[in-house]
Amino acid sequence: MKILVVNAGSSSLKSQLIETDGKVSQMKCLAEKVGTPECTMSISFAPDFKKMRYKMEGASVTQCLKRLLDVMVDDPESPISGLGQIDAIGNRIVAGGEHFSKTTIIDEEARKLLDDCELLAPLHNPPADACIDMMHELMPNTPQAGVFDTAFHTTMPPKAYLYPLPMRYYEEYRIRRYGAHGTSHRYAAQQAANLMGRPLRDLGLITCHLGNGGSITAVNHGKSIDTTMGFTPLEGLMMGTRSGSIDPAIITYIMRREGKTFDDMDEILNRESGILGVSGISSDMRDVLDAAEGGNERAQLAIDMYVYRIQKAIGSFYAAMTKTDAVVMTAGIGENSAKLRERIFAGLAHMGMILDKERNDVTGQIGVNRIISIDDSPIKICVVTTDEEMRIARETANLVSQMA
């Protein structure tokens, strides 16, 4: 079955065309810095995956997706010559609220429920929904599935997912911790178990999805028991443009001092804060690392703050777990930045997470799942290349085949 996976992020679009019968990717696409003048998109086809690069200045997620579809139809190297050759579409959706606890076919009823979830992930769900709508217009007879980041976290106990607010806010508005990046955390946990040669059900893992957005999850016996993201993806770690957790009184203080509206504060906290807000340079950690090496003090401060908050989150989940066998690093920063991994674990060695500097070096190792701790580290440190798209494709294919 040919599945087109559409993974719309807050500032990116990742897509693959996957033949699920052989678990083979036939096309890969990555659009970065979406919505900015620096937006670029790369598309490559099997077997060589030679990248074709396109400038997409200021393009939206849907505009990038439309360009991808045009290239897939027109390019002679493409595995398809028409959109009708795609059997189904698998959409990564960040927030499903309490409406969606598993992969779901996006029919008319489900699409209406998705509207209720947009406020839970204001950076992610709207572009994902826009992609769903565009694909429905272009391919109305092709089934679409939603694979929800929040689904993995539905196993959290009430003590973890409830907030210490009057209970009526949960009962009336379902205000609770939902988490995100669940597809990535689930995949990373399983891959770490494979690396360690042990069943996932026997392990206590702390999985760290560190990209432009970031979250950390406590995975006990294969189930999420707590995670850093909350009611929306704004809570938790310091991220590319998101503040992460702050004193909530700061919001009302700024509103009173500067006459800000609720929409103003939403913009500040979600799009102007985090690494971008502190560094004043970029939301891309690569740019900030380069600036720090050049002596930029605000860039260095942003890195220090970012690392510190990750260390605190890992430490808190270590305390919450009955045992911790490994910490797993994944996603763009987690997989590719040896410098940040070294800094993070330099502050955690006293807890038994001891990095091997040579194994940590990414030279020639990008894309390779591996253990990067010393042999006798009490808690292993793993690097896993996340493959959300393959998991989304498999879950979509399984669901669509049940419809036949």
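Is lysine 33 buried, partly exposed or exposed? Lysine 33 counts as partly exposed, at 33% relative accessibility; buried means under 20% relative accessible area and exposed over 50%, with partly exposed in between, for a 1.4 Å probe and protein chains only. The model is predicted: local features need pLDDT of at least 70 and side-chain atom pairs count only at pLDDT 80 or more, while totals for chains, interfaces and linings use all residues. Residues are numbered from 1 along each chain as its sequence is written, and side-chain values use heavy atoms, with hydrogens and water left out.

Lysine 33 is in the loop between β3 (24–32) and β4; helices (H or I, at least four residues) and strands (E, at least two) are DSSP runs numbered from the N terminus. Although not a glycine, lysine 33 has a positive phi of about 55°. Most residues other than glycine have a negative phi, and most peptide bonds are trans.

The loop between β4 (40–45) and β5 (52–55) contains proline 47, which is joined to alanine 46 by a cis peptide bond with omega of about 5°. Phenylalanine 49 also lies in the loop between β4 and β5. Its phi is positive, about 50°, although phenylalanine 49 is not a glycine, and its relative accessible area of 25% makes it partly exposed.

Helix α6 comprises 15 residues (182–196) and reaches 21 Å from its first C-alpha to its last. That is close to the expected 21 Å, the expected span being 1.5 Å times one less than the number of residues. The helix is mostly covered, with 11 of its 15 residues buried, among them His185, Tyr187 and Met196. Just after α6, glycine 197 takes a positive phi of about 70°.
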